[in-house]
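This report describes a predicted model.

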Amino acid sequence: MSANELIANLDKLGDEFLSVIQPLSDEQAIRAAQAQFLGKKGKVSEVMKELSKLPPADRPLVGAAVNKVKQTIEEQVCRRLGELTALAAKADLARVVDVTLPARPVPQGHLHLLTQVRLEAVQIFSELGFVVADGPQIETDWHTFEALAIPKDHPARDMQDTFYLSEEIVLRTHTSPVQVRTMLTQAPPIRIVAPGHVYRRDDDPTHSPMFTQIEGLAVDEGLSFADLKGVLIHFVSRFFQKELTVRLRPSYFPFVEPGAEVDMQCSFCGGSGCRLCKGTGWVEIGGAGVVDPDVFAHCKIDSEKYTGFAFGMGLERMAMLRHGVNDIKFYYEGDVRFLEQF
Amino acid sequence: MKVLWSWLLELCDLDKQPTVEEGAKALTRGGLEIEGMTDLGAGFSGVVVAEVVGRKPHPQAEKLTLVDVITEKGGAATQVVCGAPNVPDPGRKVLWAQIGATLPGGMTLAAKPVKGIVSPGMLCAEDELGLGDDHGGIIVLPEDDRTALGAKAQVALGLDDWMLEVNAPANRGDVLGHLGVARELVAMLRGKIVLPDVDLSAFVGGDGAVPMVDIANAASCPRYTARLITKLQVRPSPQRIAQRLRGVGVRPISNLVDVTNYVMFELGQPLHAFDAETLSAGTVRISHAADGEKFTTLDKIHRTLIPGDLVIRDGEKGIALAGVMGGLDTEVTDKTTRVLLESASFQPLLIRRTARRLGLHSEASHRFERGVDPELAQLASDRAARLMCQHGGGEIASRLVDAYPQKRTSPTLTVRMARVRMVGGVPLETSTCRDALERLGFTVGGSGEVLDVTPPSARADVAREVDVIEEILRVVGYEQVPSSLPILRQAPGNRPADRADVVRKALAAAGLSEAITYGFQSVERNGALGLPGSDRRSQPIAVRNPMSIDQAVMRTSLLPNLIAAVTRNASHGRHDVAICEVGSVFLRRGEGSVDRPLHELADEPTWCAGVLSGKRGGQLGAGTAWDAFDAKGYAQIAIRAVAGDVEIKTRATQSVPCFHPGVAGELVVGGHVVGWFGEVHPEVRRRLGVEAPVFAFDLDLTRLRLMDPAQMRSIPRFPGSTRDVSLLLAASMPASRIEEVIAAVGEPLVNQVRLLEDYRDPKLGEGMKSMLWSILYRSPERTLTDVEVDKAHEAIVGRLMENLPAQRR
Ligand SMILES: [Zn+2]
């Protein structure tokens, strides 16, 4: 074969390769075709074998043609692969999924509403320097009543109908025994909050035989009734996330003097009167007062040097006011339809 | 306590006449919370006072009368048809329900013909106005009634009034009568008290027989007064007294009994009237009961007394249980003409104990329990004597016999103004404080910075400086106290994070919902776990006075309530439940049975339990059933939330009766069993009402050491290499055994051991299984060579072959 014939054959091979790979649509087949042309026993190599038969002067010309066809084939492979990638990307983007199908449920747990409210209340009081304290739910009569100036046979015991476990052991009716336990073991200054379960013989839509109180106690030099008021106003405003005021109404709790019932400006109507506050603009949230000197005496604290204030609130009530829970029984039934709402 | 607004106003002269709303507000502001207000006249409307000016029989009906009435003097008469037998003579007043009137029960009157004659409304009987059950005849007002013609019937009936419900604090026995409430009103609104009429001069007469009074123990009975009233006649009380009693919730009986009640509500002093004819000894003695003494109270119940009870005696014979209830034999009857009137005070504690022990709670005992001022006895006796004579035609046969061994004197209290300002946090002037106390009837001496304050005798609750401070603040008004935020000094030390909350948060984050259940439960529910008698948890602490059997004992495990919650959820169609609870359980200290009395506090360890039933949610109705390994996973999360990244070992156990014997594991941390997981025993869940399988875990969190703040471990810098080994083993071989053998080799390059397959197939041979384990080898210092890894792996496989009946597959 002459040099010219060889060059013509090589050009044809270039065209032939193009027609071979154009219909191919996967990379493996394209690479196989490439090998068929450019491999050791490929068609281009076949042509190369003829090269040695040519006069040396013709060889560079044919050599250049070989390189050209190799380059063409490689370019074609590249081009065709690029085309295929673009096609695949386009095809992928043509996928359509019904995104309105429901989500696959991810496990979602819920802290009990009362836990959430308790953690938040503790957080608010802790910003004012109060730390958490606790005590047993099964308490002595002494810690629950006697030390809080409620001796046996005191009419105030009627206010809190008590579950007795024995003559001297009760289910605590309030978290106030934690005050006593703290004052007996810690010297002033004291500031604690004590959240916990308490028990009273009471059962209706607003009373549960077990419920949750949060108790606060501060003892230091120079604490006054005005400080109590300030702490309570701070708390309700933070908890309800709006500026609310607090009204203290004279009331009687044997372990505080002066003692007060704590009313909060109705968080629902802001004080103009609604069903929640029975039109009064105020809702009752707990009891409070200045620690009675008799309680200090039981706890060996000098009531001339120190004064203190204490308050107690029901967490179920706070949660009810903020979240509209309309029956206290929901808190304790383990009904997931309730638990999963918060 | 119920009080009537008109009655309160009668007992005070206020500077400015308040409306009832203003009055209620003022009382509440001062600490007497008004819990409710009722318009006593709200039951009917459109009924007016009319005068009868003529009457004649109905032409068509014998029993009917045509009554001419007028509603203004000289006005035109209207003819009303009346069926009552007691139509009065002209000149008397009746109550005419006119057309359009509404009566209790909601009926509205229209003109309607009665036997051919149209009647414009009707004349009313008591029952038609909801005043009583008397339908014997129409209401005829007393001859001396001064209500204007045409006025609302409420005015004539004493119903133009409000009943206020006062929530009296437990330490304020003095406000259990209208007089005490009036004192509060005077203090809050300024004014003065007007005592009721006690003038007896018109009724003095009689036979001069003076009873003797002998108090055995002055501490039990500080004062006892007695007075004889004779020539009485029992009859119904006048309308005004009867209506006031009804208004405060007491049924009128007869003039004598009603007066004792009336004066009790007016002044707060309980009184007792004995029929003097039944008394013989001439000496009234007050002494304690003999142990086992018998006494019949006027409710006809025979009672056995104890020495703590105080008895009023006629000579030796008991005639009343002091302060609680009178005796049957000496009760006032319709025939009574002579009354011995008791007005006394007793030691509150005695009365409270007797009333409680016998379950006899009366209006009298309620007041005596809270303390009745001995100084009130004479005023009340005089007042009752006057009313009895006035309405019963009697006369006072003897002067008041007054046994009052030691006159009560109020203490004089030193009140420092500096202390007032410090406790109140409000800069009050001395003059303001003095004024506040004087408005309450306190006597105030001294001046400047120290006051000498003497409370009135009725205010025995004011005994200390701080009590006076409260009085000052409540009269001045708590709203006058400013609010301030105290500068709180930093508390020494802080409490570590609460393990219970740490676990709650971890489990919620992992998908469980937190429940909170009661601390008590029924005996049956507590026993549902089937724990053996040797387990402390089978000996719950009993509540002595539970409200229901569902709250009979303190819980010793969290599981029963949680499993029962599965039932509750299933009952309204929720079968997929995954909940947990973290809280106290209550255990007796030491050995003991349910019946052993509790002399000490209980152990209250914090436990954490969870139950899983049904499926966890999947997309489009899919979902995987919960199983024991989910329970295990949650248990591990809870343990690690408290104890950090500790090693948790699992051992199969058959010794926990609340779990399925073949699907239960105990969790071991640091050599201690800290809890269990598995499938709840089918019998246990059935006892608690659950049909479907329930998986659970139960952990004693107090057995875990709360971790110190977690320390970061270095992140591996070099890649590891994995080698697998497939083993043919006896099907009973626990996975933990293979882990133990691998761990025992102690190969430091072993980084992680994972079980990829636990495959059971009869083709493997009878009782055999295949397990595929994958071990990751890694060095923190370099990339391992294949030779190193293979060598380590072969050593481990060799050990497995050596130590176990196992074949490599
Ligand atoms: Zn409101």
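Helix H4 of chain B is largely enclosed by the rest of the structure, because 10 of its 12 residues are buried, that is, under 20% relative accessible area. The buried positions of H4(B) include B:His178, B:Leu179, B:Gly180, B:Val181 and B:Ala182. Further along H4(B), B:Glu184, B:Leu185, B:Val186, B:Ala187 and B:Met188 are buried as well. The helix covers residues 178-189 and reaches 16 Å from its first C-alpha to its last, close to the 16 Å expected at 1.5 Å a residue. B:Arg190 follows H4(B) and has a positive phi, near 65 degrees.

**Chain A as a whole**

The secondary structure of chain A consists of 11 helices and 9 strands. The radius of gyration of chain A is 43 Å, whereas a compact globule of 342 residues would have one near 20 Å. The C-alpha trace of chain A spans about 130 × 45 × 45 Å along its principal axes.

| Property of chain A | Value |
|---|---|
| Buried residues | 56% of the 342 residues |
| Accessible surface | about 15,200 Å² |
| Carbon and sulfur atoms | 54% of the accessible surface |
| Distance between the mean positions of positive and negative charges | 12 Å |

The charges of chain A comprise 36 positive and 46 negative ones. Of the contacts in chain A between residues at least 6 apart in sequence, 66% join residues at least 24 apart.

Conventions. Residues are numbered from 1 along each chain as its sequence is written. Chains are lettered from A and ligands numbered from 1 in the order in which they are written. This is a predicted model: local features need pLDDT of at least 70, side-chain atom pairs count only at pLDDT 80 or more; totals for chains, interfaces and linings use all residues. Side-chain values use heavy atoms; hydrogens and water are left out. Helices (H or I, at least four residues) and strands (E, at least two) are DSSP runs, numbered from the N terminus. The radius of gyration is taken over C-alpha atoms; the globule rule is 2.2 Å times the number of residues to the power 0.38. Buried means under 20% relative accessible area, exposed over 50%, partly exposed in between (1.4 Å probe, protein chains only). Contact means heavy atoms within 4.5 Å. Accessible areas come from the Shrake-Rupley method with a 1.4 Å probe; for residues, only the protein chains shown count as cover. Lys and Arg count as positive and Asp and Glu as negative; His and the chain ends are not counted. The place of a charge is taken as NZ of Lys, CZ of Arg, CG of Asp or CD of Glu. The expected span of a helix is 1.5 Å times one less than its number of residues.
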